[in-house]
Amino acid sequence: MSGERWREVLQAAGVAGAGGDAASHPLPARTPIDGSVLVHLRIAAAGEISAAISAARSAFERWRTVPAPRRGELVRRFAERVRAEQAALAALITLEAGKIPAEAAGEVQEVVDVCDFACGLSRQLQGLTLPSERPGHHLLERWHPLGPVAIITAFNFPMAVWAWNAALALVCGDSILWKPSEKTPLCALAMHRLLEQTLAEFPEAPPALAQLVIGAGAAGAQLAADPRVALVSATGSTAMGRQVAETVAARFGRSLLELGGNNAAIVTPSADLDQALRAVVFAAAGTAGQRCTTLRRLYVQRSVREPLVARLRASLVSMPVGNPFTPGTLVGPLIDAAAYERMQHALGAARAAGAAVHGGERVDVPDCRSGHYVRPALVELQQPVPVLWQETFAPMLYLLAYDSLAEAIAQQNAAAHGLSSAIFTNDLREAELFLSARGSDCGIANVNCGTSGAEIGGAFGGEKETGGGRESGSDAWKSYMRRQTQTVNYSGELPLAQGVRFS
Ligand code: NAD
């Protein structure tokens, strides 16, 4: 039954024909829903990747001369195709990444939103004019296309993260090479197919403007090492980002890193506890705890700990866990067995350090016995323990009590990562302190909403071991272009800067 359903989903997303026999196609694309293999795919050989980079270089040389608003038109047309296929694409995300349909549809909507944003941006890639200190001189700053951009993506946002990069890179005049997660290659094939169709009908677009490189970490490492790749935008674990950062820095290339998170929220005594509860549950258990912005650490002021904890525990452990295609499910599967093992290991370490663990056990889902389903866990700690400081990509929330807000902010900022943070408070002074230079040290700081679920209009990313990159909205486009300072002398004289005389 499920095999038939899976085929329908692949068919609707236009990827049913992808793949071939296992001997020559060594990458199995699986569904985490029941662990079955959907298709076997080819892995790009090193020589093919090198040829793709050469082709991307040539495509860039043509594309950079196309006026930016025309480049925006390409992205607008692509978004039209995505809109038309929204339901089929969302179903493919559910199948391959295990997201519940509402979250999968939200991810496809994010693709459309960032394309709309990029299209508008294509008329606003603004430089500056600056006052020159020399008479008869014109000083300005211009932004030019950068070159081929490698986009390495993680499994948990198999379409949106690519779109954040691709839409901006394309309007900025760059060619793109996408190395998707080896855990979600079919989502990449489906998206790429729509972009290829759009390119085929766009006369100014060179054929190799957008390419897909299917492979594992080695393929990403090859892209990172190649000096013909101008920007390496890599999303994934901090361990991966560390390798990419070193490789790209060694060749003086540019990297944009979106890495792990260990996100925290603070609940103060003045908070609306109903609101905080709903926000915390979504942030901790949405996408089965597999978002980079998932809430992992909750600091609750001691006076409100009891009323909040009892309700939180009841909410988390009673959440409907199961096949994401089953209506009513709120928590789908973990991506694979290794994710399940890492979660159990973290829970074991917390227990051994004296934590009270509620939930976290395996859930047996009929017809999905090879999937890895877990009940979201609440882990009550009396004090910080070593495992608290690592990112465990699963629905598990550590809870600690605090006395003063300064102490809570210090604890929140003590993590190695610096992605997302939140405070729940109705006290203006507390909110402003949290948002001030003495407050959260993260790239994202929210008041009265959870750590996850960012909008595309803001710049997305985080500090410290999250990598420091910014993608999507605001002025994140500047990473995909090179800045040039230009001085024009229309004076007929040759005055030198700083009044230097050279005669
Ligand atoms: P991962 O690090 O295992 O893989 C991510 C990508 O990197 C994959 O495409 C993989 O093939 C590639 N890769 C692996 N080794 C590489 C290497 N040496 N050189 C180049 N590429 C390499 O991550 P994952 O398990 O797919 O995703 C989960 C992680 O991603 C979590 O840590 C999560 O927080 C993070 N993430 C961060 C963001 C963000 O925007 N900050 C968004 C989504 C996910």
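Helices α5 (residues 101–121) and α6 (160–171) pack at an angle of about 15°, with their axes 9 Å apart; helices here are DSSP runs of H or I with at least four residues and strands are runs of E with at least two, both numbered from the N terminus. Axes are lines fitted to C-alpha atoms, for helices over the stretch in contact, and angles run from 0 to 180 degrees between N-to-C directions. The model is predicted: local features need pLDDT of at least 70 and side-chain atom pairs count only at pLDDT 80 or more, whereas totals for chains, interfaces and linings use all residues. Residues are numbered from 1 along each chain as its sequence is written, and side-chain values use heavy atoms, with hydrogens and water left out.

The two helices α5 and α6 are therefore roughly parallel to each other, where angles under 35 degrees count as roughly parallel, over 145 as roughly antiparallel, 65 to 115 as roughly perpendicular and the rest as oblique. The crossing of α5 with α6 is right-handed; a crossing is given this term if the near helix is turned clockwise from the far one by less than a right angle, and is left-handed if anticlockwise. In this contact (heavy atoms within 4.5 Å), α5 contributes Glu107, Glu110, Val111, Val114, Cys115, Phe117, Ala118 and Leu121, and α6 contributes Ala160, Ala163, Trp164, Ala167, Leu168 and Val171. Its residues comprise twelve nonpolar, no polar and two charged, with Ala, Val, Leu, Ile, Met, Phe, Trp, Tyr, Cys and Pro counted as nonpolar, Asp, Glu, Lys and Arg as charged, and the others, Gly among them, as polar.

Helix α5 also packs against α3 (residues 68–84), at an angle of about 160° and with the axes 8 Å apart. This angle makes α3 roughly antiparallel to α5, and their crossing is left-handed. From α3, Gly72, Val75, Arg76, Phe78, Ala79, Val82 and Arg83 meet Val108, Val111, Val112, Cys115, Asp116, Ala118 and Cys119 of α5. Ten nonpolar, one polar and three charged residues make up the contact.

A further partner of α5 is helix α4 (residues 86–97); the two axes come within 8 Å and cross at roughly 125°. Helices α4 and α5 are therefore oblique to each other, and α4 passes α5 in a right-handed crossing. Gln86, Leu89, Ala90, Ile93 and Thr94 of α4 are in contact with Pro101, Ala104, Ala105, Glu107, Val108 and Gln109 of α5. Seven of these residues are nonpolar, three polar and one charged.

The largest pocket has a volume of about 1,200 Å³. A pocket is an open set of points, on a 1 Å grid over the protein atoms alone, where a 1.4 Å probe fits, with protein on both sides within 12 Å along at least five of seven lines; lining residues have an atom within 4 Å of a point. Grid points are joined across faces, edges and corners, and a volume is the space filled by probe spheres set on the points. The lining of the largest pocket has 49 residues, of which Ala154, Phe155, Thr235, Gly236 and Ser237 are the closest to the centre. Two or more lining residues come from each of α5, α6, α8 (217–225), α9 (238–250) and α12 (337–352), and α9 gives the most, with six. The lining is divided into 19 nonpolar, 19 polar and eleven charged residues.

The second largest pocket has a volume of about 240 Å³. Pro28, Arg30, Lys183, Ile335 and Asp336 are the closest to its centre among the 15 lining residues. Strand β1 (residues 27–30) supplies the largest share, three residues.
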